[in-house]
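Student: I would like to work through this structure with you, one question at a time. Could we begin with what is needed to check a helix?

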Amino acid sequence: MEGQAKHLRELLSAHRSAEGRRARSFTITSGKGGVGKSNLALNLSLAFAELGHKVFLVDADVHLANLDMLLGVKPEGTLGDVVLRGCPLEEIVLDGPMGIKLVPASSGVRELLTAEEWAWVKLREALDVIEGEADIVVVDTAAGLSKGVLDMALSTDEVVLVTTPEPTAVVDAYAMVKVISPQREGGSMHLVINRVSSQSEAEEVFGKLNQVISHFLGLKVRFSGFILEDACVPKAVARQSPFLLMYPNSKASSCLRRIARGLLGIPEERRGLWVRGLSRLRDKGGVEI
Ligand SMILES: Nc1ncnc2c1ncn2[C@@H]1O[C@H](COP(=O)(O)OP(=O)(O)O)[C@@H](O)[C@H]1O
Ligand SMILES: [Mg+2]
């Protein structure tokens, strides 16, 4: 396990793009399923694209791949074809909105679930090719501690762990930190709290979880933002369109943009009183700022 993770990290760090830069890579994961990973991965990719970055979104959830459904596109081939059948990556990559590229997976690619270590190394190699073209790579994963999820988490630069305030989701998030964090050689994990009713609820959930993590594990996680419960999210899912595009002025979209800026280390915009006033108007479906 350790050996392979090291190999994956070496593969990743060996790659440089033409300009000598390496793409920044984020794994989006969670302990419990259904907490909003895929929506975060997709809309975060679009928010990064909005900020001017070239983004590749990789669906590495071989259990419940659904980024293609969230985007309303039909994949010709899947990551399984690349990893197990040697299909060139370019043949399966799809064009998404705002110039993002989607590397689709496919539900029920059972072969990948039981794939040997070499398959995951091949997957990492495929991602390495992608990173030559991208500024940012976002990888959506399955929930829980499967081997593939661990490998992805250990090989990307950063891990964004998603949870909701639900106690079961929080306990599962703790389990993920316990296993992943110590293996990431000091690279701390980002925590995003989804489906909260307010910022203070998010801060409270984070505070409690962080306290337990530091007390029992001696580790730290970073609070990287929250997403408010927002009816626009399921509405956009039903229309197979990302909420950031369909409802750019929604509460969820504002939260998402804030998370994207935070993850890239872009300072928060100064929001004066008049901007906040406009913002309230905007959230009622008025102006865009
Ligand atoms: N902030 C939110 N507000 C309201 N509903 C949400 C929010 N985030 C996610 N959801 C709902 O949760 C469902 C599952 O989200 P999804 O991104 O598919 O989770 P995962 O990838 O973790 O399984 C979505 O279809 C949506 O209806
Ligand atoms: Mg998902």
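Tutor: The expected span of a helix is 1.5 Å times one less than its number of residues. Please keep in mind throughout that this is a predicted model.

Student: With 14 residues in H2, what span should the helix have, and how far apart are its end C-alpha atoms?
Tutor: Counting 1.5 Å a residue, the 14 residues of H2 should span 20 Å, and this expectation can be set against the model itself. The two agree, because the end C-alpha atoms of H2 are also separated by 20 Å.

Student: How many of the residues of H2 are buried?
Tutor: A residue counts as buried when its relative accessible area is under 20%. By that cut-off H2 is mostly covered, and of its 14 residues the number buried is 13.

Student: Which residues touch the most other members of the largest nonpolar core, and which helix gives this core its largest share?
Tutor: The core has 63 residues, and those touching the most other members are Leu40, Leu44 and Phe48. The largest share of this core, 8 residues, is supplied by the helix that runs over residues 37-50, namely H2.

Student: Which residues does Leu40 touch, if residues up to four places away in sequence are not counted?
Tutor: With those sequence neighbours set aside, the contacts that remain for Leu40 are heavy atoms within 4.5 Å. They are made with Ile28, Ser45, Val160, Val162, Val192, Ile227, Leu256 and Ile259.

Student: Which element supplies the largest share of the lining of the second largest pocket?
Tutor: This pocket has a volume of about 580 Å³, and among the 27 residues that line it, Gly34, Gly36, Lys37, Ser38 and Asn39 are the closest to its centre. At least two lining residues come from each of H2, helix H3 (67-71), strand S7 (189-196), strand S8 (221-228) and helix H10 (232-238). The largest share, 4 residues, comes from H2.

Student: Is Thr164 buried or exposed, and what is its relative accessible area?
Tutor: Thr164 sits in the loop between strand S6 (158-163) and helix H8 (167-180), where its contacts, leaving out residues up to four places away in sequence, are Val35, Ala169, Val170, Ile193, Asn194 and Arg195. Because buried means under 20%, Thr164 is classed as buried, with a relative accessible area of 7%.

Student: How far apart in space are Thr164 and Phe226?
Tutor: In sequence, Thr164 and Phe226 are 62 residues apart. From C-alpha to C-alpha, their separation in space is 9.3 Å.

Technical notes:
Residues are numbered from 1 along each chain as its sequence is written. Chains are lettered from A and ligands numbered from 1 in the order in which they are written. This is a predicted model: local features need pLDDT of at least 70, side-chain atom pairs count only at pLDDT 80 or more; totals for chains, interfaces and linings use all residues. Side-chain values use heavy atoms; hydrogens and water are left out. A nonpolar core is a set of buried Ala, Val, Leu, Ile, Met, Phe, Trp, Tyr and Cys residues joined through side-chain atoms within 4.5 Å. Buried means under 20% relative accessible area, exposed over 50%, partly exposed in between (1.4 Å probe, protein chains only). On a 1 Å grid over the protein atoms alone, a cavity is a set of points where a 1.4 Å probe fits but cannot get out, and a pocket is an open set with protein on both sides within 12 Å along at least five of seven lines; lining residues have an atom within 4 Å of a point. Grid points are joined across faces, edges and corners, and a volume is the space filled by probe spheres set on the points.
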